[in-house]
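Trainee: I have this one open for the first time. Can you walk me through it?

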Amino acid sequence: MPLSEHEQRLLDQMERALYAEDPKFATALEGTGLRMYTRRRVYQAAAGFVVGVALLMGGMVAQLIWVSVVGFLVMLGCAVLAVTGWRRHPPAGQGAGQRTAPAPRRKASVMDRMEQRWQRRRDEHDGM
């Protein structure tokens, strides 16, 4: 069930506050969920690729062409899984049920706030 607009704003505000108060803890929380799943998937695909190479070489040594073909197909399938898993790797701060805004947008809001503070200080200094 999607969040209402008000709930989404509250969640965004809480997330920004967490990053402002404890960025180290906030980054530690980012490594959970879908991100870890895709990382594990890429590692499994790499291991499968190595198994495919072993099958390919074993088939060549034993002169069993069908084993070599199976090894090649395993290598190809694992390579495709690794590449698609790597491309679909979610940006930091995103999980399976979270919104789709990329992480750089969050950093831009921090920069915007710093810019606003700077502007406020300049205006206060000019007003004196």
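Mentor: A term to start with: a contact means heavy atoms within 4.5 Å. Among the contacts in the chain with a separation of 6 or more, residues 24 or more positions apart account for 53%. This is a predicted model, in which local features need pLDDT of at least 70 and side-chain atom pairs count only at pLDDT 80 or more, while totals for chains, interfaces and linings use all residues. Residues are numbered from 1 along each chain as its sequence is written, and side-chain values use heavy atoms, with hydrogens and water left out.

Trainee: How many helices and strands are there in the chain?

Mentor: The chain has 5 helices and 0 strands, in the order α-α-α-α-α along the sequence. Helices (H or I, at least four residues) and strands (E, at least two) are DSSP runs, numbered from the N terminus.

Trainee: And what share of the residues is buried?

Mentor: Of the 128 residues in the chain, 21% are buried. Buried means under 20% relative accessible area, exposed means over 50%, and partly exposed is in between (1.4 Å probe, protein chains only). The chain exposes about 10200 Å², and carbon and sulfur atoms supply 65% of that. Those areas come from the Shrake-Rupley method with a 1.4 Å probe; for residues, only the protein chains shown count as cover.

Trainee: Take α1. Which of its residues are buried?

Mentor: D12, E15 and Y19 are the buried residues of α1. Seen down the helix axis, they fall within an arc of 65°, so they line one face of α1. The arc is that of the directions from the helix axis to the C-beta atoms. On the face turned away from that buried side are the exposed residues M14, A20 and E21.

Trainee: Where do E5 and R9 sit relative to each other in the helix?

Mentor: They are 4 residues apart in helix α1, which means about one helical turn separates E5 and R9. E5 is exposed, at 63% relative accessible area, and R9 is partly exposed, at 48%.

Trainee: On to α4. Is C78 buried or exposed?

Mentor: C78, in helix α4, is buried, with a relative accessible area of 13%. Leaving out residues up to four places away in sequence, C78 touches A45, G48 and F49.

Trainee: What about the nonpolar surface patch, which residues make it?

Mentor: I65, V69, F72, L73, L76 and V80 make a nonpolar patch of about 580 Å². Patches are made of residues with over 30% relative accessible area and no salt bridge; like charges are joined within 9 Å, and nonpolar side chains (Val, Leu, Ile, Met, Phe, Trp, Tyr) within 5 Å. V80 lies in helix α4 (residues 65-87) and is partly exposed, with a relative accessible area of 46%.

Technical notes. Salt bridge = Lys/Arg side-chain N within 4 Å of Asp/Glu carboxyl O.
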